[in-house]
Amino acid sequence: MLITKQNKTVVWVLGALALCILPLLLQSAGNFWVRIADTALLYVLLALGLNIVVGYAGLLDLGFVAFFAIGAYMYGLMASPHLSETFPWFAQMFPHGLHTSIWLVIPLGAGIAGIFGILLGAPTLKLRGDYLAIVTLGFGEIIRVFLNNLDHPVNITNGPKGLSQIDPITLFKFDALGIPGLNLGKPLAITETYSINSVTLYYYLFLALVVLSVIICHRLEVSRIGRAWMAIREDEIAAKAMGIDTRNMKLLAFGMGATFGGVSGTMFAAFQGFVSPESFSLMESVMIVAMVVLGGIGHLPGVILGAVLLSALPEVLRWVSGVMDLQQITGGRLDASILRQLLIALAMIIIMLMRPRGLWPTREHGKALQGTK
């Protein structure tokens, strides 16, 4: 069956309707399932950002979670009472706190994370492969340890206790016109008997950001910049010989990828209402890399599929283990959390053995991978 342009339009419309209706259906089963969908969308944002660095430019980055942490702590400091409670001079300047608008938070989170991405890329321009992975891994751990210990002599991040009481996001708020806006931290009453929960409202915001990110990534992929990144990925020496400025292209890849991590971090802090260094461990970086590799390096649909599967599967297995009560069945000999991680690891191993290019690979991913079919 040939896929015509009209059929594609129908598929896109049906897919968009399904994504819009999905949280309303999940909400009827409980907020737990909507939170899983929200978390999956946040990981899709992270995976799309890392795909720019790993999938397009071919730069193995194991410290991508650092940009996630930078965005989260930036919003946490700007939307919590921590700075006012810690510094008297700050309380005098902002007695009611900053309560920064989302229209400032998102560009600021993207900009600060992008600057840190360039700072990471600058000293690693001559590194490749395993050496680059080790350096970026160290960068991610440095950021986490830095956030964990920056509670003395000046308490900026509140150390391992983290930042709490973070404001939820408010949309369409105009103080000058007296419009309070839509507070995503509270349910939206539609009728007297039906309301849309807070987690569902966040779902639509995250979905809009994911759609915008997919459009940006696609435009980058088909642009001259994207082609230059792919040339560097396939053969850096040949790319340099053809006149591509590999130095600036690598820095741009690190910076562009980091912006997605920063935006995702700001959304995570607003959604959770709390951030701490424990949320940005090395395992998170490894999982984000696994999402890109498992789905299909450099292929947007594959990256999205990998992110959704690896973020949602652990929570679904958590629910299954709770319903079946595996510990009671096995007399306490089997820990449900350990079994969940074991099943995920086995699934990843089997998929990589059977489909080494990923679940949904791109047709044009380079000569090296074409031979692994």
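Select Glu236 and Lys250. They form a salt bridge, and the closest N and O atoms are 2.9 Å apart. A salt bridge here is a side-chain nitrogen of Lys or Arg within 4 Å of a carboxyl oxygen of Asp or Glu. Glu236 sits in helix H10 and Lys250 in helix H11 (residues 246-272), so the pair ties together parts 14 residues apart in sequence. Helices are DSSP runs (H or I, at least four residues), numbered from the N terminus. Both Glu236 and Lys250 are buried. Buried means under 20% relative accessible area, exposed over 50%, and partly exposed in between (1.4 Å probe, protein chains only).

Before moving on, note that this is a predicted model: local features need pLDDT of at least 70, side-chain atom pairs count only at pLDDT 80 or more, and totals for chains, interfaces and linings use all residues. Residues are numbered from 1 along each chain as its sequence is written, and side-chain values use heavy atoms, with hydrogens and water left out.

Glu236 has a relative accessible area of 13%. Arg128 is partly exposed, at 47%. Show Arg128, Glu236 and Lys250 together: they are linked in a network of salt bridges.

Next, go to helix H7. Select Glu141 and Arg144, which both lie in this helix, 3 residues apart, about one turn. They form a salt bridge too, the closest N and O atoms being 3.0 Å apart. Glu141 is partly exposed at 22% relative accessible area. Arg144 is also partly exposed, at 25%. In total, the structure holds 4 salt bridges.

Last stop: helices H8 (residues 198-222) and H9 (residues 224-234). Their axes come within 4 Å and cross at roughly 70°. Axes are lines fitted to C-alpha atoms, for helices over the stretch in contact, and angles run from 0 to 180 degrees between N-to-C directions. H8 and H9 are therefore roughly perpendicular (65 to 115 degrees). To see the contact (heavy atoms within 4.5 Å), select Leu220, Glu221 and Val222 of H8, then Arg224, Ile225, Gly226, Arg227, Trp229 and Met230 of H9. Colour by class: the contact has 5 nonpolar, 1 polar and 3 charged residues. Ala, Val, Leu, Ile, Met, Phe, Trp, Tyr, Cys and Pro count as nonpolar, Asp, Glu, Lys and Arg as charged, and the others, Gly among them, as polar.

Definitions and conventions
Helices (H or I, at least four residues) and strands (E, at least two) are DSSP runs, numbered from the N terminus. Angles under 35 degrees count as roughly parallel, over 145 as roughly antiparallel, 65 to 115 as roughly perpendicular and the rest as oblique.
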